[in-house]
Number of protein chains: 2
Amino acid sequence: MYKVKVYVTLRENVLDPQGNAVKQSLHSLSYREVKDVRIGKFMELTIEKSERSIDELVRDMCEKLLANTVIEDYRYEIEEVVAP
Amino acid sequence: MYKVKVYVTLRENVLDPQGNAVKQSLHSLSYREVKDVRIGKFMELTIEKSERSIDELVRDMCEKLLANTVIEDYRYEIEEVVAP
């Protein structure tokens, strides 16, 4: 069994309207120190062992579904866990 | 200047319909090894130094705006960066 953490972030040159909205809200709550906010996704997947390589599997899933690679970058961490 | 990474995740006992939808999509793409998907948010904030403690500041922002602490947990990492 694997626990996989996937981080999907907008590419640097892509505008982030959601992040801007959060920044404005933080400013109106008096947190004016905040200069920039970028919002991404964080996914935790539980994956069973199979004959496929876990690394390939996760990369494949990111490319096909979890990230939109035109505007997003992704990175992931794989941790093997022993089932209880 | 600080770079702060905030991870917001649903509490364990809270249902995650978005995660379930992603799991179903992965299954229909033949990734049947995937047993569970939980989706959270990942935020990168750039914050200027001020007289407030950065740790308190970030905790405050999470409690007030970035996370809904009734159903979500949060954790954060603070990194000090030297402005170029």
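Helices (H or I, at least four residues) and strands (E, at least two) are DSSP runs, numbered from the N terminus. The structure is a predicted model, in which local features need pLDDT of at least 70 and side-chain atom pairs count only at pLDDT 80 or more, while totals for chains, interfaces and linings use all residues. Residues are numbered from 1 along each chain as its sequence is written, chains are lettered from A and ligands numbered from 1 in the order in which they are written, and side-chain values use heavy atoms, with hydrogens and water left out.

Thr46(A) belongs to strand 2 of chain A. With a relative accessible area of 12%, Thr46(A) is buried (under 20% relative accessible area; exposed is over 50% and partly exposed in between, with a 1.4 Å probe and protein chains only). Beyond its neighbours within four places in sequence, Thr46(A) is in contact (heavy atoms within 4.5 Å) with residues of chain A, namely Met1(A), Tyr2(A) and Lys3(A), and with Glu33(B), Val34(B), Lys35(B) and Asp36(B) of chain B. Its side chain and that of Lys3(A) are joined by a polar contact of 3.4 Å. A polar contact is a pair of N or O atoms within 3.5 Å; within protein, one must be able to donate a hydrogen and the other to accept it, and residues adjacent in sequence count only if both atoms are side-chain atoms.

The discussion now turns to the interface. The contact draws 34 residues from chain A and 33 residues from chain B. Together the chains bury about 3,100 Å², 63% of it on carbon and sulfur atoms; buried area is the accessible area (1.4 Å probe) that two parts lose on being put together, summed over both. In chain A, Tyr31(A), Glu33(A) and Phe42(A) lose the most area to chain B, together 22% of what that side buries. Between the two chains there are 20 residue pairs in polar contact, both residues being at pLDDT 80 or more. Strand 2 of chain A supplies the largest share of the side of chain A that touches chain B, 14 residues.

Four salt bridges cross this interface, a salt bridge being a side-chain nitrogen of Lys or Arg within 4 Å of a carboxyl oxygen of Asp or Glu. Glu33(B) forms a salt bridge with Arg52(A), with the closest N and O atoms 3.0 Å apart. Over all chains the count is 16. Within chain A, Asp73(A) pairs with Arg11(A) at 3.6 Å between the closest N and O atoms. Asp73(A) lies in strand 3 (residues 72-80) and Arg11(A) in the loop between strand 1 and helix 1, so this pair ties together parts of chain A that are 62 residues apart in sequence.

An α-helix has 3.6 residues a turn, so residues three or four places apart point the same way. In the loop between strand 2 and helix 2 of chain B is Ser53(B), whose side chain reaches the backbone nitrogen of Glu56(B) at 3.1 Å.
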